[in-house]
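Please examine the model before reading on.

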Amino acid sequence: MSIINRFTNILQNAVEALAPQASSIEEFTFHWKRITNYYIESADEKEPVSRTNIPAHLQQMLDILIAEELELIEEFGSAENQTGPCLEHLLHQNILETLTTFGRGDTPPGMKQQVLHFATTLLGKIKQPLLPHVNVHKPVIKLVAICGEVMAAPTEKEEVHFLCVVCSKIKLDPYQVNFFVQTPTLPNIKRKSPNAIEQIAEELDDISTKESELVDVDVKALEIDTEAGTGLKYYHQKRDEFLLAEGLLNLTKSPDQKIAVKACEGLMLLVGLPEAKASKTLVECTQLANFICCKLSKLISELPLTLDPADVESTEAKWGLDSYSAKEDKQAFTGKRQLRSFLSFLDFIDTLIEESHRVIGSTLAKAIKLHVFDKVLKDLLLATNENTALSITAVLTKTVQDCKSQFIIQQITQFMLGEEANAPEKKNDENGNNVRQTLITRCDHISDELAITTLRLFEVLLHKTDKLAIENLISRNLVSRGYVAPVDKSIETEDEPISEASNSAAAEPEFEWDDSDVIPKTNPIIKKEPEITAEQLADPKKRLEHMVNLFLGVVPENLRSSYEQEELGHEQYLRDAHTAFRDGLKKTKRYNWPAKVDQSVEPNSDEFFPGSFTSMLMNKLSRVLDQPYDINLQVTSVVSRFCLVPHVYLTEYALDPLITPKSSSQTLYSTLQNVVKVLETRAARIPNFRDKLVSTRKRLIGMEQDFDNPEHRTLLEGVIVLEEFCKEVAAVAFVKHHAASSGIENLTV
């Protein structure tokens, strides 16, 4: 029978070739009739579609439609609002609806694949908007419903391409997403024409939810079960509220990695739509949050607990197709494949949330904290096993470092520190956040490696300049100015003329400075306590110069190692400080922090507690002469990042050596002074201390051979770190005070 059919088709094609040239509409209707005739005449329902002429006729119909639109573009310059006779015929005769019926029944076998290909090409190639037509979006919705139903189906490739094309069309006209979001009741609106795009758009505007009426999603009410473990193994039962998203979510679980990545791309298009109702439906009525939380929990649980922090730091992975080979796996450290899988999916989540609607981003981030951080990561992070704590702390550091989404950073901050941002922290408070207390305590851990890794975590967190992180760790204990000794009101203060001089400068977001007379280029000769009169302090430039010189003069000249080296280090410190501070100002501009210190606030007489984090940093810094070199480098790096935070009370506390602190207060300048007092005593007991110091500097920069255990190694290396740190702090102080005197600090409000 099939041989006779083929012979008949060949004969028919020959007749068509000899027949006169038909018009495009005649050819189009001819090909469509040939398809419908098959269903009337064919008796073999099991014959695969590939053995019929249906694919060829469908392709001819597509070619005719595409050619017709090109002719319209050539004639009118655009196909917008121009519909050719073939496209009109397709729309009015409900051809797409009929094809959808054939595809859903998959008759003949393989027809579903052909129909999906036809619909994908039609929507993708035809430039004018088709989805607003009722005879297009209704059959498209039915096709969407049959996608993502069977795992590893032979039509997965066509399904995911079709869904992604639909998403791309919706992205161009976001209101169209409402076609695919099921609503309980639709307004009773009489339309003038069933195909009038303007009328349909008006109807959609009526049924879409306004942003102002949007209510935040209750994260705890979402159906998320990270412990079941079945959410990633099988396709879930799709809900009717948002079948387009449900189909994509099922396809993300495909064993074929290419299909899964393509489905993720489709989700990326959906989450960024500005339609509030669709966004709320996406997080409330689909498996999006469950999929993300289950997948992330699974990847965290698969991480080996013996990861080296250096390996974690150096590993890079971006979302997409993983090109990691078995050969690389053999050459890499144990667990690199699992780590790359985690970082790759983290990059996907971060990008998804960053690009998503506010409702989606906020809800997903909260769900991740509630179901992943609190339930999975917390126990691993607080583990008493040192290797486990070290590995997970390094992974958390990498997570904070790589994430760009503010929603995720905010939730990580809440997970680490809690939500308190205003009430001052009390000393030895037992009711604080457990994770916060543990992490701060670990900065003084007996294991140097764990202490360094935890300090690195705080450095990365400070670098993100998250509002809650800064206020929780630092500023809430500084705004009272309890670190300043009460001023005798009988003594006239010089603050007022300085403040008036500061406000006279113009505010410019970009600023230049002349540091030639502030930080000397070579061989600085500075007295231990440079003298300056009260009149000179009233001049902002003189005051700035004096403060910078105070920090540069903390280490006495006879205890410095760099006097013989060409003094260029401070220039790099200035450039780095300027760049970092400018970036910090951009991030904190919306935080509504005070623009200047409120001098009317009277410091109280109570004992000042700067907060456990700040107190820990000052204590670590005070032990710089007795700590290993690697610890000192990390401590000074964190303190430097601490000083760069653009908060005026922190600037006064850490970078104003002219304030009079309470005797019980431990400011940065007083801490450095106390360290130097100890240094002077210890250096006097060591013969040829200066020569040993210079030799140590040369050894650290590679100019001399490194000895296994030179005498007084820890002390000498600590002095080198202290000396360089003072230069760095001087540069930060210069940049921040110069910015304040120029009005730049006003950018923070």
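Q: What makes the crossing of H6 and H7 left-handed or right-handed?
A: A crossing is left-handed if the near helix is turned anticlockwise from the far one by less than a right angle, and right-handed if clockwise. By this rule the crossing of H6 and H7 is left-handed. The helices themselves are DSSP runs (H or I, at least four residues), numbered from the N terminus. This is a predicted model, in which local features need pLDDT of at least 70, side-chain atom pairs count only at pLDDT 80 or more, and totals for chains, interfaces and linings use all residues. Residues are numbered from 1 along each chain as its sequence is written, and side-chain values use heavy atoms, with hydrogens and water left out.

Q: Why is H6 called oblique to H7?
A: The axes of H6 (residues 111-125) and H7 cross at roughly 135° and come within 12 Å. Axes are lines fitted to C-alpha atoms, for helices over the stretch in contact, with angles from 0 to 180 degrees between N-to-C directions. Angles under 35 degrees count as roughly parallel, over 145 as roughly antiparallel, 65 to 115 as roughly perpendicular and the rest as oblique. H6 is therefore oblique to H7.

Q: Which residues of H6 and H7 meet?
A: Contact means heavy atoms within 4.5 Å. Val115, Leu116, Ala119 and Leu123 in H6 meet Val136, Val140 and Leu143 in H7. These residues divide into seven nonpolar, no polar and no charged; Ala, Val, Leu, Ile, Met, Phe, Trp, Tyr, Cys and Pro count as nonpolar, Asp, Glu, Lys and Arg as charged, and the others, Gly among them, as polar.

Q: What makes H7 oblique to H8?
A: H7 (residues 134-145) and H8 (residues 156-172) pack at an angle of about 135°, with their axes 10 Å apart. That angle makes H7 oblique to H8. The crossing of H7 and H8 is left-handed.

Q: Which residues of H7 and H8 are in contact?
A: Val140, Leu143 and Val144 in H7 meet Phe162, Leu163 and Val166 in H8. The residues of this contact comprise six nonpolar, no polar and no charged.

Q: Why are H31 and H32 called roughly perpendicular?
A: The axes of H31 (residues 689-700) and H32 (residues 713-741) cross at roughly 75° and come within 9 Å. H31 and H32 are therefore roughly perpendicular to each other. The residues of their contact divide into seven nonpolar, one polar and eight charged.

Methods: Helices (H or I, at least four residues) and strands (E, at least two) are DSSP runs, numbered from the N terminus.
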